[in-house]
Amino acid sequence: MIKDFYGDLRLGILGGGQLGRMLIQEAISLNVNVYVLDPDPDAPCKNLCERFVCGRLDDYETVYQFGKQLDMLTIEIEKVNVDALEKLEEEGVLVYPQARVIRLIQDKGLQKQFFKQNDIPTAPFQLLNSKESLRDEQLIPPFIQKLRKDGYDGKGVRKIVTEADFKDAFDAPSVIEEWIDFKKEIAVIVSRNDSGDIKAFPCVEMEFNPDANLVEFLISPAALDPGIQARAEELAIKIAEDLQIVGLLAVEMFLTKDGAILVNELAPRPHNSGHQSIEGNYTSQFAQHLRAIFNLPLGNTEVRLPAVMINLLGSDNHEGLARYEGLEESMAIEGVYVHLYGKKFTKPFRKMGHVCIIHEDREAAINNARKVQGLIKVIV
Ligand SMILES: Nc1ncnc2c1ncn2[C@@H]1O[C@H](COP(=O)(O)OP(=O)(O)O)[C@@H](O)[C@H]1O
Ligand SMILES: [Mg+2]
């Protein structure tokens, strides 16, 4: 169906950051015209699309007017006005992922309830409305508190270690979750097209920067028992089926010390944990997202070569016009691929780019990634 007008299709992306930018790189190959809406006049997609509209993603009228002129809309961020997307769906604009999926995933509380209703293993939780109810519910630390809405990159997540930390708790609707002393954080990206075909990418493992609460180091494929890997992939496929999503779905999971898999959270879009797929897999997550939303055959997700992905984060104590140190030395190492997101200004821990390091030998890829990590700095 979509192939009928494929070639001069107008695709809108809500959000013009790095995920949109890498999606545009793939959209060019399919000759799709991309329109982008983002509140930042200097968004990374600004100069790379057919039309860039500067406006708020959470404003009904802005999103509606932007979408009305298009054939299809997708997202690179969940924090968008879903009422406008529902209206556009009613009027015949294709919205993938569907508005109801975005509405559910926007709210970590609804996500957790969805996990429970569908027998998807997840950390035990309860929902709270305010800080006051922390004491009323007589919750015993340690636990994790997460804002139901608008958290990202760890900014809406707090660990409450003792009762003394109650004063620093979020005073907003939140999810209280059991603190999981996990062995590893893993992720599976899965895609589903409108015909119902589903394909999962092989599981990856992550290392977080504990200060920033961001993925710092991602390794593909994960070094896991094949049985565990298969379970993680099956779980991601089940979730995509339960949701009947069209598009990509990133499933973040914890592997516990006793071998259980708990689903942490979902993202219905390309995800930081899939960047290595550009060089490391036969099909990149961005190409796969386009295949899924255009109802094309899904691509081969297999690992082409072991890969390590490093986020290039703004250095601590550096804020201002960004400069990059060590790019040349890094690129002199074979298998090192640099991706800069075109953000003018750096600030501590801002995601400014990423580097993918591939090598036939997984350990050698990890060693080279360590070298690159020591070489590249984002400073002012
Ligand atoms: N229940 C938990 N137990 C232990 N660590 C957790 C728990 N929930 C989240 N975390 C840690 O915090 C990080 C960010 O939490 P997440 O829910 O993924 O929020 P975000 O939307 O910011 O990515 C996780 O990747 C993990 O490292
Ligand atoms: Mg997360």
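Predicted model: local features only at pLDDT ≥ 70, side-chain atom pairs only at ≥ 80, totals over all residues.

Domains, then. The domain assignment divides the chain into domain 1, residues 10-95, domain 2, residues 124-178, and domain 3, residues 182-379. Take the centres of domain 1 and domain 2 over C-alpha atoms, and they are 33 Å apart.

Now the metal. Which residues supply the protein donors of the magnesium ion, ligand 2? They are Glu 252 and Glu 265. Glu 252 is in strand β14, residues 247-255, and Glu 265 is in strand β15, residues 261-267, so the pair ties together parts that lie 13 residues apart in sequence. Glu 252 is buried, at a relative accessible area of 12%.

Stay on β15 for a moment. Asn 264 is in that strand too. Is Asn 264 buried or exposed? Its relative accessibility is 10%, so Asn 264 counts as buried, the cut-off being under 20%. What does Asn 264 touch, once residues up to four places away in sequence are set aside? Its contacts are Phe 115, Lys 146, Glu 177, Glu 252, Met 253 and Phe 254. Note Glu 252 in that list.

On to the helix pairs. Two packed helices are described by the angle between their axes and the distance between the axes. I'll give both each time.

Pair one is α3, residues 82-90, with α4, residues 99-106. The angle is about 165° and the axes are 9 Å apart. An angle over 145 degrees is the cut-off here, so α3 and α4 are roughly antiparallel. Their crossing is left-handed. On the α3 side, the residues in contact are Val 82, Asp 83, Leu 85, Glu 86 and Glu 89. They meet Ala 99, Ile 102, Arg 103 and Gln 106 in α4.

Pair two is α1, residues 18-29, with α9. Here the angle is about 70°, and the axes are 8 Å apart. That makes α1 and α9 roughly perpendicular to each other. This crossing is right-handed. From α1 we have Leu 19, Met 22, Leu 23, Glu 26 and Ala 27. Their partners in α9 are Phe 286, Ala 287, His 289 and Leu 290.

How many of the nine residues of α9 are buried? Eight, so this helix, residues 285-293, is mostly covered. The buried set is Gln 285, Phe 286, Ala 287, Gln 288, His 289, Leu 290, Ala 292 and Ile 293.

Follow the chain out of α9 and you come to Asn 295, with a positive phi near 55°. Asn 295 is not a glycine. It lies in the loop between α9 and β16, residues 307-313. Asn 295 is partly exposed, at 25% relative accessible area.

Asp 119 also belongs in this part of the talk. Its phi is near 55°, again a positive value in a residue other than glycine. Asp 119 lies in the loop between α5, residues 108-117, and β6, residues 125-128. Asp 119 is exposed, with a relative accessible area of 68%.

Next, cis peptides. Tyr 96 and Pro 97 are joined by one, with omega about 0°. Pro 97 sits in the loop between β5, residues 94-95, and α4. That α4 is the helix that packs against α3. Ser 220 and Pro 221 are also joined by a cis peptide bond, with omega about -5°. Pro 221 is in the loop between β13, residues 214-220, and α7, residues 226-243.

Last stop, α7 itself. Gln 229 is in this helix. At 16% relative accessibility, Gln 229 counts as buried. Beyond its neighbours within four places in sequence, Gln 229 contacts Pro 202, Cys 203, Ala 222 and Leu 224.

That's the tour. Thank you.

Definitions and conventions: Residues numbered from 1 in each chain as written. Chains lettered and ligands numbered in written order. Heavy atoms only, no water. Donors = N, O, S within 2.8 Å, 3.2 Å for Na, K, Ca; no water. Helix = DSSP H or I, 4+ residues; strand = E, 2+ residues; numbered from the N terminus. Buried < 20%, exposed > 50% of the residue type's maximum accessible area, 1.4 Å probe, protein only. Domains from an automatic or database assignment. Axes fitted to C-alpha atoms, helices over the stretch in contact; angles between N-to-C directions. Parallel < 35°, antiparallel > 145°, perpendicular 65-115°, else oblique. Left-handed = near helix turned anticlockwise from the far one by under 90°. Contact = heavy atoms within 4.5 Å.
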